[in-house]
Structure formats: C-alpha cells, structure tokens
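Biologist: Before we go through the side-chain contacts, please set each value against its cut-off, so that I can follow how every label was reached.

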Amino acid sequence: MAPAPAWSDLHIELLTLVFEKFEDDFEYLSSCASVCVSWRAAIRKLSLRLLPKLPFQLLLIKDNGSGVSLIDIQNLKTREIRINPTLQRRWIRSCSHGWLLTIGRAWPHEINFLNPITGVRIRLPPAGNQFNPSEGGLTVVTSGNPSDSNCMVLGAHSWSQELVFCKPGDRTWTRINHSSSKVFLLPAMFYKGEFYIRYNYFIGRIRGDLNNSGTLFMEELIRMPHFSPVEGLLLHKSGYTCSYLVELMDDLLIVLKHGYFNPQDKRRRFEVYRLKWEGGKEWVPVKSLGNNGIYLDCPSSISVSVGRDNSRECRANCIYFVERSCQCINRGVYDMEMQITQWSSVRKVTGLAASSYKDN
C-alpha cells in the first residue's frame, strides 16, 4: 500500500480550501504558516483576501514581543496571534489594514510592515539618522493596504516634531515642511487622494506631488470646531478632549470625545462634525450616523457599515472606543441617539503591555 502523500505536498489550491475553513482563527493560521514553505504560501494567498476585509486594531502586546491581541471591529471579538520571537528586539506599533508596524530598537532602526498571519514583511526606509523612532515616538498612516505597490505612508514623530513621507521601496524618508511647533501622536487619515492630519487646534493636509520626490508641505485647512462653552469650561478645569478623523459615506468627519481626569468618572460626551466644502469650509454638526458605526483609535479611525438588521455585535449609530490604563483595557460604546455610554472590560493587563500609543 502506497504511503499517504505528505500534507506539505498538497497543491496550494487544496491547501487554501482547507485553511479557508479556519479563516476566523488567526492564531491557528499563524501557527500553520510556520510549518513549511507551501503552507506559508497558501496562507499568504488566503491572507491577501482576508486582511482587506478584516478591520481590526492592535489591542495588546505581550511583554516579550512574541504575541499580540487584536480586536475585530465588526464582531468586537479579541483575536490572539503568536508572532516571531525575533520581534523581542523590535517595537510594535498600530495596525494598518491588518499589518503591524515594527521598528528595530538598534540603529539604523529598520522599519517594516508585518503581516501577523504569514510573517511577510514589507520594508520601509530605516529611521537612521533622520529621527529617533524610540518607543511611543513614531506613528504612521497609510493610503491603503501596504501590499499595494502604490501605497503611500505618512509618519509623525512626536518628539522631534517631524512629519515624514515614504513609499515602500524608498531608501529614505521625505521630510514634510510645516510650521507647527507641536506634532503629537496624531489622528490622521488618507481621504480622496490626500493625507489629512490634526495638529494643535487645526486640521491640515499634505500638499505636493505624493507620487514624485518633490517638495511636500502641510497646508492649514480649517480650525477645529468649538464645543459647547459650558462643557468646555468644565473640561478646562477637570477634563480633556480627544479628537479623531474618520471618513463616513465620502464625508470627512471629526469626532470629539470629552472625558474627565477622575478615573472614577466614566461619563463621556461625543460631538461629531462633518466638513462642508461648499460655499466656504465649515463644520456642520452630525446628529446621527445612520446605519453605520465608528471605531475610534489613534492614529486612524474607521467607519463600519452595519446595515438595517443590526445583526452584528457592532450596532448602528454607535461610537466604539477603547481606553487603556496600566491595570486594564476597557471598551466603551456611545449610543448617539440615547447619548449614553456603556462599558465592558476587554482585558486586565497582566503580563501584557498596552499598545505603544495612547489616546492623544
């Protein structure tokens, strides 16, 4: 009797059909990808279809860098993925279209996008002597999936007040001229062919030819909207305001989240504005998200179409957000119609580190 063929000898199309049965089990797929070259190739082919349609954000990083927790935004489920132990020598940053940003701790500080399922890496220019990307200092936003050859990357370095730009394959980062003295861990987004970024009390956009290595500069577009005077006075004394940029139904929105410094005070208030371009730029209040939900995160946020049946855990006309502390990570859901916030604990931080960025 002839021996059964080895699993590694199966045709890639058959392997893909097998792995499709486990497309929701990221940990299983990432483990299978480390078995052999053919399995990795099959899972890589599958992941090219999975990652663009799986809106998830980085939630937790294991202290030794060997694993991450991701939150699936549409289903609000936490996914665990084991990653290469060599990442212990790298900083891990936020997701972009399902890819992680990793930065070498040692000079010249190599920078890569990492597919957490297959281990595939896309190389970006190293930081080198251009800037020091030490922990918490560099965040990036992309124009699309990093695997796209036309993908563009905007980077903001909070400590050196640098804005930089590159495309995969570039050897160096291009500095973006700006006059701001405070570029923090910023909310930013790619909207209708241009990068938009919040700095100080303004929204700016990056101008210049992004497809060629010409001069790039940040243009001041519009001042951020003012929130209500009464609430503003209260927050000035005992609270804070975070802002997020997000695209919804072809509109550019800014979401303001108002909170309080007292950790026992769980009240949150949200204001949403749409940028009206016609007849002079101005912010118009948005009272309803319709059949959509918004997931807030830094440096970029996303909107999710929920549909009329509300069959997903992610509900329509709600704003989802995560707040991290040294002890735990909590998820909040703000109902736009009821104007109330509900809380649920995502995870207690024990032997795990919160992602390397926090609310701005």
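Biologist: Why is Glu282 called partly exposed?

Modeller: Buried means under 20% relative accessible area, exposed means over 50%, and partly exposed covers what lies in between, with a 1.4 Å probe and protein chains only. Glu282 has 38% relative accessibility and therefore counts as partly exposed, and Lys276, at 28%, is partly exposed too. This is a predicted model, in which local features need pLDDT of at least 70 and side-chain atom pairs count only at pLDDT 80 or more, while totals for chains, interfaces and linings use all residues. Residues are numbered from 1 along each chain as its sequence is written, and side-chain values use heavy atoms, with hydrogens and water left out.

Biologist: What makes Glu282 and Lys276 a salt bridge?

Modeller: The term requires a side-chain nitrogen of Lys or Arg within 4 Å of a carboxyl oxygen of Asp or Glu. The closest N and O atoms of Glu282 and Lys276 are 3.8 Å apart, so the pair qualifies. By this rule the count comes to 10 salt bridges.

Biologist: How do you know that Glu219 and Arg207 meet in a salt bridge, and which parts of the chain do they link?

Modeller: Their N to O distance is 3.2 Å, so it falls within the cut-off. Glu219 lies in strand β15 (residues 216-223) and Arg207 in strand β14 (residues 202-207), 12 residues apart; strands here are DSSP runs of E, at least two residues, and are numbered from the N terminus. Glu219, with a relative accessible area of 26%, is partly exposed, as is Arg207 with 24%. Both residues belong to a network of salt bridges that also includes Glu194 and Arg205.

Biologist: Why is the pair of Phe165 and Phe195 called edge-to-face?

Modeller: Rings of Phe, Tyr and Trp (its six-membered ring) pair if their centres lie within 6.5 Å, and planes under 30 degrees apart count as stacked, over 60 as edge-to-face and the rest as tilted. By this rule the count comes to 9 aromatic pairs. The centres of Phe165 and Phe195 are 6.5 Å apart and their planes stand at 70 degrees, so the pair is edge-to-face. Phe165 lies in strand β10 (residues 162-166) and Phe195 in strand β13 (residues 194-199), so the pair ties together parts that are 30 residues apart in sequence.

Biologist: Are Phe165 and Phe195 buried or exposed?

Modeller: Phe165 has a relative accessible area of 4% and is therefore buried, and Phe195, with 0%, is buried as well.

Terms used: Helices (H or I, at least four residues) and strands (E, at least two) are DSSP runs, numbered from the N terminus.
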